[in-house]
Amino acid sequence: MSGLEEFTVATPRPLPVIILADVSGSMSEDGKIDALNYAIGEMIKSLALEAPDRAEIQVAVITFGGPRATLHTPLASAASATWTPMQASGLTPMGAAIEIATRLVEDRQAIPSRSYRPVIVLVSDGQPNDDWVTPLRALHASTRGSKADRFALGIGSDPGLTTLNTFLADPSKQVLRADDARQMQRFFQWVTMSVTIRSKSATPDSVVATPPPDLAADLF
Amino acid sequence: MPQRIATNRSRTWMVGASVAGPRHRRTGARNQDAWQAVRRTHGTAIVVADGVGSARFAAEGSRLACKAAIAVFSQLRPCVDPKEIAHSISKEWSEMLRGEEPAEFATTLLLAFRFTTGRLLVGGVGDGLTTVCSPEFPDHCRVLVRPGGEFGETFSISSRTGTRNWRIEEFNDEACTHRALLATDGVSNDLLEPRIAAMTEWLRNRFEGSSSRTSRSGMRNLLVKWPTPGSIDDKSIAMMWRSGGEIS
């Protein structure tokens with residue numbers, strides 16, 4: 001004990017992971033919501049097992065379905081996060097979810113300046129029903145949102161690829177597509193791997209380009 | 001209201017240290033931070049610099065930045081316009097590179113110059129902490145804000161934007177109550193902001209009256225035994241204050 005403990009933070013720098021999950025009515029078809037619940041739950045469990053030697057991985061889940069978007073799982077360390085399965089119903093207010101994500105990323109109380117570059121993951125199986133263009137522009141224009149490492153997964157046959165690609169806004173990245181539970185799980189395993197590699201890296205602020213999984217390979 | 005007045009027994013104290021973080025110690029890489037302090041007849045100066053990780057010669061860049069700042073301070077008039085300081089240091093640093101590509105030596109630079117007149121200039125370019133603590137301020141602490149500095153991105157002395165991203169603020173410390181604290185991001189990222197004023201008081205109590213060698217070694221030990229878990233960056237800190245003022 002040097003005495004400096006009184007003046008310094010006692011936890012490693014946070015690495016926030018924010019998931020925007022589509023819980024509209026269509027997600028209740030073909031077991032999609034169950035598969036998504038399982039995949040996110042497994043991701044949080046895996047992230048919780050990572051020793052917080054260098055970074056404390058934190059998770060938040062924002063859901064959009066029905067009349068509104070909701071902060072389903074408030075931002076907290078993965079080790080302490082309580083995962084409650086999501087229910088699917090109603091429309092797809094993705095724009096409202098992006099607004100919540102932008103507010104969260106820009107909130108310096110929730111995500112202090114010492115945090116590592118946040119990760120934002122968008123998962124959807126359809127076209128948004130609200131204005132998503134304006135909130136997405138705001139996210140991309142925001143100081144911190146523009147720097148976030150973004151991932152996108154389209155579920156099913158008509159996942160609204162234009163929206164998901166616009167969300168990524170990065171020609172070096174691609175929207176991945178999942179048709180079944182196993183592919184969804186593989187996507188989240190890939191996100192988990194990207195996050196954990198960063199959290200153990202000598203420079204956790206640098207985004208590591210981990211090759212995306214070939215989800216289609218699972219079909220055969 | 002009682003005031004502190006500088007007397008003949010007043011003295012400016014400077015303490016600082018710079019250590020390689022665990023990341024560089026493990027690989028045997030050089031510390032990319034640097035610091036310096038100097039005492040001249042017209043005043044005293046402390047500087048810290050943090051070489052930008054992506055720059056090939058970051059360690060050299062930060063050392064040269066400190067050297068350039070001290071060289072500029074040594075020639076300054078106490079009434080200098082703060083804007084001139086950024087230009088002069090950038091120019092001096094560029095000349096020290098002898099034609100090499102500045103981006104390969106990119107570094108932040110934070111400074112505190114105190115003249116014997118009581119004029120105190122504090123600021124710099126890039127991330128890290130520049131703060132002045134004094135009982136005269138609300139909350140006893142003024143953290144000076146500069147552009148940029150999140151998620152590993154920072155402005156540097158080599159920025160193509162010239163000196164636009166420099167900020168230097170001026171204080172009157174004739175009463176000798178101000179403590180200037182500079183820290184690179186390896187330190188500042190882990191400090192509890194509401195406790196900074198208390199920390200400067202703690203450091204003052206710990207090091208005032210000690211020899212330069214003892215102070216440097218003590219400060220170095222504090223940085224090596226940094227308490228925040230997962231803190232891997234190089235660390236530099238420097239503090240300057242004046243003591244010996246009398247209450248009247």
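This is a predicted model: local features need pLDDT of at least 70, side-chain atom pairs count only at pLDDT 80 or more; totals for chains, interfaces and linings use all residues.
Residues are numbered from 1 along each chain as its sequence is written, while chains are lettered from A and ligands numbered from 1 in the order in which they are written. The model scores ipTM 0.90 and pTM 0.87.

Chain A contains an open sheet of six strands in the order β3-β2-β1-β4-β5-β6, with mixed pairing. Strands here are DSSP runs of E of at least two residues, helices are runs of H or I of at least four, and both are numbered from the N terminus; two strands pair if DSSP finds at least two bridges between them. The edges of the chain A sheet are β3 (68–77) and β6 (176–178), each of which pairs on one side only. On average, neighbouring strands of this sheet are turned by 20 degrees against each other, direction ignored. Axes are lines fitted to C-alpha atoms, for helices over the stretch in contact, and angles run from 0 to 180 degrees between N-to-C directions.

Strand β5 of chain A (residues 149–155) runs parallel to β6(A) and is joined to it by three bridges; within that pair, Ile155(A) has Ala178(A) as its bridge partner. With β4(A), β5(A) pairs in the parallel sense over six bridges, and Ile120(A) stands opposite Arg150(A). Seven of the seven residues of β5(A) are buried, so this strand is largely enclosed by the rest of the structure. A residue counts as buried if 20 or more other C-beta atoms lie within 10 Å of its own, as exposed if 12 or fewer do, and as partly exposed in between, with C-beta atoms placed from the backbone. Asp149(A), Phe151(A), Leu153(A) and Ile155(A) point one way from β5(A), and Arg150(A), Ala152(A) and Gly154(A) point the other way.

Helix α1 of chain A (residues 32–49) lies across β1 (13–22), β2 (55–65), β4 (119–124) and β5, at about 165 degrees to β2(A). Helix α2 of chain A (residues 94–106) lies across β1, β2, β3 and β4, at about 155 degrees to β2(A). Val61(A) is found in strand β2 of chain A and is buried, with 24 other C-beta atoms within 10 Å. Apart from neighbours within four places in sequence, Val61(A) is in contact (C-beta atoms, placed from the backbone, within 7 Å) with Ile19(A), Ala21(A), Ile40(A), His72(A) and Thr73(A).

Chain B has an open sheet of five strands in the order β3-β4-β5-β6-β9, with antiparallel pairing. Its edge strands are β3 (33–40) and β9 (167–172). Strands β4 (residues 43–50) and β5 (residues 109–115) of chain B pair over six bridges in the antiparallel sense, with Gly43(B) opposite Phe115(B). Helix α2 of chain B (residues 58–75) packs on the sheet, touching β3, β4 and β5, and its direction makes about 15 degrees with that of β3(B). Helix α3 of chain B (residues 82–96) lies across β5, β6 (119–125) and β9, running at about 135 degrees to β9(B).

Strand β11 of chain B (residues 235–243) has eight of its nine residues buried, so it is largely enclosed by the rest of the structure.

The largest nonpolar core has 72 residues, and Val47(B), Ala69(B), Leu109(B), Ala112(B) and Leu182(B) have the most contacts inside it. Such a core is a set of buried Ala, Val, Leu, Ile, Met, Phe, Trp, Tyr and Cys residues joined through C-beta atoms within 7 Å. Helix α2(B) supplies the largest share, ten residues. A second, separate core of 61 residues includes Ile44(A), Phe64(A), Leu136(A) and Phe167(A).

Between the chains, 26 residues of chain A are in contact with 20 residues of chain B. The chain A side divides into nine nonpolar, seven polar and ten charged residues. Here Ala, Val, Leu, Ile, Met, Phe, Trp, Tyr, Cys and Pro count as nonpolar, Asp, Glu, Lys and Arg as charged, and the others, Gly among them, as polar.

Note on methods. Two residues are in contact if their C-beta atoms, placed from the backbone, lie within 7 Å.
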